[in-house]
2 protein chains.
Amino acid sequence: MTQPSQPAIRTELIRPFLETMLNVLKTMANLEPKIGKPFLKDGLEPIGDVTGVIGLAGENVCGSMALVFTEGALLEVSSHMLGETYTELTPDCLDCIGEMTNMISGGARAGLSNIGLKFDMAIPTMIQGHAHMVEHKTRGPVICIPFELPGGKFYIEVAFQTSN
Amino acid sequence: MTQPSQPAIRTELIRPFLETMLNVLKTMANLEPKIGKPFLKDGLEPIGDVTGVIGLAGENVCGSMALVFTEGALLEVSSHMLGETYTELTPDCLDCIGEMTNMISGGARAGLSNIGLKFDMAIPTMIQGHAHMVEHKTRGPVICIPFELPGGKFYIEVAFQTSN
């Protein structure tokens, strides 16, 4: 018996998000997270405590990206990025995830324009609340890339409908 | 002594959101919520349990909209809209807020194009989690329109940066 095969994840779509995340964390926070295996979301999980959401809307792309952080992971990133020790979430931490959302969508925007996908810049929306879940209203797949730091887990979720 | 005056809220920017919300609730759910006084957000409140977020990105607009619902308000709207009695949040309720986010941003998009503001359609992202708060990363004002139903409160938050 064979398992039903999962649809292939188009790596050229997720590479710009993944590479920008690693680059941002390395250069701005001197952090190198473990990267988990990307998977297609099939439900509401993963669960996060702080999330940055941004729309990816353009002539031939319609989608959204979310950075879903557990509190521990965001405290670690904020502490390293801002040079202070954060033990609880503050407006600085929310700003930090907003900046990351901007930088990662901006980096992905540049990378995806190389394969002909163009979208306008939007502004991030940040959500703070213990143990929330995110769903993207798309007819296309939702790709989730898991990461892990000593402080906790975090995820990039990308939902895409493309017309080419 | 005079109070520091709050900056004026540009009614032509919020009217399309407000009118579409009232129209959607009336025609699809036969509900007429009380409308509170719109205010400029100055912090993280209001608090919601289910939120729909969508980007508003285009040639001369850069922003985001969030529909922030308390659980009670969304259960009431979902029950009326879908013709079943919901006593707890289900995927149907999440879909319901996603649809409303689409319809209200779509209606606002049509209304705002009349005053020269054009943006592309994005897809909504829905967040479910008890007592979360939303922040919009914008240099512009964030307008919040409060509504109330017997089941609870809900809000439209609109963040806008326009270049004209």
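Predicted model: local features only at pLDDT ≥ 70, side-chain atom pairs only at ≥ 80, totals over all residues.
## Helices α1 and α2 of chain B

Helix α1 of chain B covers residues 11-29 and helix α2 of chain B covers residues 71-82, and their axes come within 8 Å and cross at roughly 50°. From α1(B), the residues B:Val24, B:Leu25, B:Met28 and B:Ala29 take part in the contact, and from α2(B) the partners are B:Val77, B:His80 and B:Met81. Sorted by class, the residues of this contact of α1(B) with α2(B) are six nonpolar, one polar and no charged.

## Helices α1 and α3 of chain B

Helix α1(B) also meets helix α3 of chain B, residues 91-113, and here the axes come within 8 Å and cross at roughly 135°. That angle makes α1(B) oblique to α3(B), and the crossing of the two helices is right-handed. On the side of α1(B) the residues are B:Glu12, B:Leu13, B:Pro16, B:Phe17, B:Thr20, B:Met21, B:Val24, B:Leu25 and B:Met28, and these meet B:Met100, B:Met103, B:Ile104, B:Gly107, B:Ala108, B:Gly111 and B:Leu112 in α3(B). The contact of α1(B) with α3(B) has twelve nonpolar, three polar and one charged residues.

## Helices α1 and α3 of chain A

Two packed helices are described by the angle between their axes and the distance between the axes. In chain A, helix α1 (residues 11-29) and helix α3 (residues 91-113) have axes that come within 8 Å and cross at roughly 135°, which means that α1(A) is oblique to α3(A). The crossing in which α1(A) passes α3(A) is right-handed.

The residues of α1(A) in this contact include A:Glu12, A:Leu13, A:Pro16 and A:Phe17, while those of α3(A) include A:Met100, A:Met103, A:Ile104 and A:Gly107. When the residues of the contact of α1(A) with α3(A) are divided by class, twelve are nonpolar, three are polar and one is charged.

## Where the two chains meet

The contact between the chains draws 32 residues from chain B and 32 residues from chain A. The size of an interface is often given as the accessible area lost when the parts come together. For chain B and chain A the buried area is about 2600 Å², and carbon and sulfur atoms give 62% of that area.

Charged side chains also take part, with a count of four salt bridges between chain B and chain A. One salt bridge joins the side chains of B:Asp95 and A:Lys137, where the distance from N to O is 2.8 Å.

## Backbone details

Some details of the backbone can be followed residue by residue. In chain A, a cis peptide bond joins A:Glu45 and A:Pro46, with omega at about 10°, and A:Pro46 lies in the loop between β2 (39-40) and β3 (47-57) of chain A. In chain B, a cis peptide bond joins B:Glu45 and B:Pro46, again with omega at about 10°, and the place of B:Pro46 is in the loop between β2 (39-40) and β3 (47-57) of chain B.

A further detail concerns A:Ala131, whose phi is near 55°, a positive value in a residue other than glycine. This residue, A:Ala131, is found in strand β5 of chain A, which covers residues 125-136.

Notes
Residues numbered from 1 in each chain as written. Chains lettered and ligands numbered in written order. Heavy atoms only, no water. Axes fitted to C-alpha atoms, helices over the stretch in contact; angles between N-to-C directions. Helix = DSSP H or I, 4+ residues; strand = E, 2+ residues; numbered from the N terminus. Parallel < 35°, antiparallel > 145°, perpendicular 65-115°, else oblique. Left-handed = near helix turned anticlockwise from the far one by under 90°. Contact = heavy atoms within 4.5 Å. Nonpolar A, V, L, I, M, F, W, Y, C, P; charged D, E, K, R; others polar. Buried area = accessible area lost by both parts, 1.4 Å probe.
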